[in-house]
Amino acid sequence: MKKLAVKEQLTIGGALRIMPGMPTLARTFLIASLLLGSLLGGAPAALAQNTPGSIDAPASATSAPDPAQTLTRLSTQLDDLKTTFNSKSSNASLTDLRSQAGEVQQQADQLVQTLTPELESLQTRLTVLGPPPATGAPPETPAVSQQRRQLDHDKAKLDSQIKQAQLLSQDAIKLASQIVAAHNAQFQAQLGSRTDSPLGIGFWRNLKKSFPDDLARVQHVKALLFEEAGIAWEPDNRWPLLLCLIGAVLLIVPGRALCERIALALASRYMPDGHLRRSAIAVTFTLSVTLSIGLAAWLVYLGFNWNDTLDEDVESFAQAIVRTVFFAAFTAGLGRALLSVRHPSWRLPALTKFTARSLRWFPWLLGGAFLLLGFLERLNTFAGASLPATVCTRAFLALLITGLVGAALLRAKRARTTQRQEGEKPPQHAIWVGALFGFAALGVIVAWLAVLTGYVALGFFLSWQTLWIGMIVASLYLLSHLQRDLFDVLLAPRGRSGQRLQSTFNVQPATLEQASTVFSAAAQILLLLVAVGTLLVPFGGGPQDIFSHIGNVFSALQVGRLTIKPGAIFNAVLVFALGMVAVRIVRKWLAEQFLPKTTMDVGMQNSLVTLLNYIAVVIVFALALRTADVSLESLTWIASALSVGIGFGLQAIVSNFISGLILLAERPVKVGDWVSMPGVEGDIRRINVRATEIQLSDRSTMIVPNSQFITQNLRNVTHGNALGRVKLSLPMPLDTDASKVREIMLEALNANEATLDTPAPVVTLDDITTSAMTFTGVAYVRSPREASAVKSALLFDILSRLAKSQLPLSTPQSMIVRNLGPLGEDSPAAPM
């Protein structure tokens with residue numbers, strides 16, 4: 001059981017503990033677990049881990065604890081936290097107290113969420129039973145009365161427990177706020193404290209005076225560590241220790257190189273050549289260094305504590321060193337991956353070869369500085385070092401860290417200068433990069449001035465913050481590139497996954513590009529929130545505070561009777577998205593597989609698919625509203641506010657919507673019909689919820705509101721009969737052989753392949769005037785859309801046949817007007 005507790009303390013939750021005397025050092029691996037862990041969705045899990053000393057979860061996951069016992073336990077724990085916080089002599093860490101108060105609040109909220117459905121279930125059962133019988137009404141059966149009393153009792157009990165849990169949650173939030181305020185006050189007091197300057201003789205006099213005692217304490221710690229090492233070298237523990245040490249060496253030396261080679265081989269084989277491969281390789285290199293060195297340190301610790309032989313204080317010291325090694329390795333691995341000196345084509349930042357080469361050793365130096373920082377700080381705490389020794393150590397560490405940062409800035413500037421001297425133009429950096437370098441330089445200067453003037457705590461804090469912020473920004477930069485490249489590849493219209501999405505769900509390429517942009521922006525916002533929350537760690541906060549604050553703001557945000565809850569909204573969006581995908585799949589199955597095998601015509605199939613799609617969308621929308629805890633009662637005020645607008649401004653839209661439903665139900669027109677309206681004639685291509693698309697003869701599309709099909713006269717050419725009618729009229733001279741003309745026209749009508757035998761073509765003599773006889777031929781074709789083309793072909797054929805038979809068409813008579821002169825002589829005729 002002790003070994004299990006040790007392993008739990010080495011998890012991310014254990015890394016959140018704060019070391020005495022240094023508020024930020026014990027959160028060493030938090031940046032790696034939050035930012036790099038968010039790549040695999042691990043940030044929420046990391047935030048949900050229990051810290052050492054926190055409230056333990058129930059022992060059995062299968063048996064639910066009694067709510068009354070849970071409330072009693074939470075109340076007792078909250079009272080103990082208040083007592084510890086109010087005790088002036090307590091040495092408990094304020095951050096640990098705040099973390100435990102937050103866990104009490106989370107468990108109280110979880111209890112409320114667990115009991116609320118039970119309360120709603122009881123209320124539903126009471127509603128089914130109905131109210132008690134009124135005075136004078138027939139009494140109900142004893143069983144029903146007993147059941148109602150039991151339900152009322154259980155409901156009152158649950159309601160009381162829910163209210164008690166809500167009060168506990170509010171008290172825990174209030175206590176956490178008080179702890180944060182006290183932590184900030186203590187933190188400001190520490191930063192404002194001043195000691196003797198290292199440039200003065202008093203600083204070194206105090207250090208010399210306390211040196212013998214500090215040396216004795218260090219000798220005591222040394223003896224204790226050697227004693228524990230001797231126990232670990234005993235025969236029973238020797239072989240596990242040797243195996244762990246060998247495993248640690250193998251992890252650091254060949255293990256890391258082997259992992260990187262395997263990762264490179266897999267990336268080259270399975271990843272497309274582009275930005276995603278670069279960012280994935282950078283993340284892999286960072287993790288390889290972090291895990292190889294960190295796990296090696298953990299193996300060394302495990303070897304020395306194989307049979308739980310370490311003393312409790314030594315065990316705590318060793319665990320802190322392991323966490324420090326993890327963060328130091330992460331610092332070195334992240335810097336190495338971003339610089340990528342040996343492989344410039346894999347480099348993510350816009351750094352020249354001069355800058356990368358000049359900074360190649362600084363990631364390892366900064367990681368070593370942080371390892372030294374953690375070791376010395378923990379050693380001072382373990383040994384109980386005097387105040388002068390602690391101040392001297394922190395002054396040295398502050399100057400060391402800021403000195404390394406300053407040297408890195410100077411080398412980077414010198415590299416750009418060298419590049420300009422060699423005739424190359426350095427790459428242009430973004431504004432935030434220049435601002436970051438400027439703040440880093442300012443932090444270095446202020447930290448040195450603070451240490452040299454005696455404000456060692458302030459200088460130490462600034463030096464640590466410089467390293468902390470640099471790691472957060474570098475991690476955010478790396479993960480931002482990774483998530484953006486990942487979405488670009490997964491949702492690329494021409495990529496493998498993008499083409500599969502297009503073929504499976506009938507998604508348009510533009511939709512994929514928009515989805516990639518939206519998902520990338522959402523992931524970027526989430527990373528920014530985690531990064532900002534991580535920046536609050538030295539101040540007693542964390543990413544959980546950011547999300548908790550956002551959740552509290554939205555949980556209290558009400559619009560009328562509608563309460564906005566981020567979690568419920570996310571679940572509703574997820575339900576709506578999955579429901580729409582299911583609707584699309586079912587609609588595609590109906591339209592392409594099932595309905596074509598039935599006896600329905602194409603127009604009926606389209607109408608049925610459209611109508612079922614509308615019904616399914618309404619059902620999915622209702623389910624999403626139910627998931628978001630939105631009832632129709634909470635939307636009544638919205639309907640009331642929009643009633644006037646619906647009655648006036650939206651009247652046409654509502655009318656068109658209802659008309660569209662009528663068109664789909666009664667089917668006076670359907671997809672494929674040829675309709676004629678005032679100013680519009682063409683084929684119906686699609687009936688939408690508001691308007692209908694009609695394709696005209698010139699291939700253009702006319703959008704006609706659905707209400708016009710209901711309120712105006714409509715000619716549906718193909719509604720009752722889908723046949724097309726071809727009518728020809730030919731004027732012939734009076735001396736023409738009528739029977740011969742009729743014979744020629746019938747031959748032409750019957751000879752055309754497009755004309756139907758039933759009804760048979762007919763030729764009639766319609767009219768005889770003083771100048772011509774008019775013959776009319778009528779034939780039918782399969783569709784009205786063919787009538788125009790068939791008529792033209794028939795006319796060409798009939799004219800050819802008439803010409804061969806030497807039967808001319810009738811020509812209009814010419815009228816000649818003569819102008820008579822004054823003597824009655826004829827003048828030249830002028831044709832009119």
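A salt bridge is a side-chain nitrogen of Lys or Arg within 4 Å of a carboxyl oxygen of Asp or Glu. Keep that in mind as you look around this predicted model, which holds 8 salt bridges.

**View 1. A salt bridge between D159 and K163.** Side chains of opposite charge can pair when their charged atoms come close. Here the side chains of D159 and K163 do so, with 3.3 Å from N to O. Where do D159 and K163 lie? Both belong to helix 7 (residues 142–192), and they sit 4 residues apart, about one turn of the helix.

**View 2. Helix 10 meets helix 11.** Two packed helices are described by the angle between their axes and the distance between the axes. For helix 10 (residues 275–304) and helix 11 (residues 312–339), the axes come within 8 Å and cross at roughly 160 degrees. Angles over 145 degrees count as roughly antiparallel, and helix 10 and helix 11 are therefore roughly antiparallel to each other. Their crossing is right-handed.

**View 3. The residues between helix 10 and helix 11.** On the helix 10 side, the contact includes F285, V289, I293 and W298. Helix 11 contributes residues including V322, F326, F330 and R336. How many residues of this contact are nonpolar, polar and charged? The contact divides into 16 nonpolar, 5 polar and 2 charged residues.

**View 4. Confidence along the chain.** The protein chain averages a pLDDT of 79, and 81% of the residues score at least 70. Over residues 1–63, pLDDT stays under 50. For this stretch, the model has 139 contacts beyond four places in sequence.

Technical notes. Residues are numbered from 1 along each chain as its sequence is written. This is a predicted model: local features need pLDDT of at least 70, side-chain atom pairs count only at pLDDT 80 or more; totals for chains, interfaces and linings use all residues. Side-chain values use heavy atoms; hydrogens and water are left out. Axes are lines fitted to C-alpha atoms, for helices over the stretch in contact, and angles run from 0 to 180 degrees between N-to-C directions. Helices (H or I, at least four residues) and strands (E, at least two) are DSSP runs, numbered from the N terminus. Angles under 35 degrees count as roughly parallel, over 145 as roughly antiparallel, 65 to 115 as roughly perpendicular and the rest as oblique. A crossing is left-handed if the near helix is turned anticlockwise from the far one by less than a right angle, and right-handed if clockwise. Contact means heavy atoms within 4.5 Å. Ala, Val, Leu, Ile, Met, Phe, Trp, Tyr, Cys and Pro count as nonpolar, Asp, Glu, Lys and Arg as charged, and the others, Gly among them, as polar. pLDDT is the predictor's confidence in each residue, from 0 to 100.
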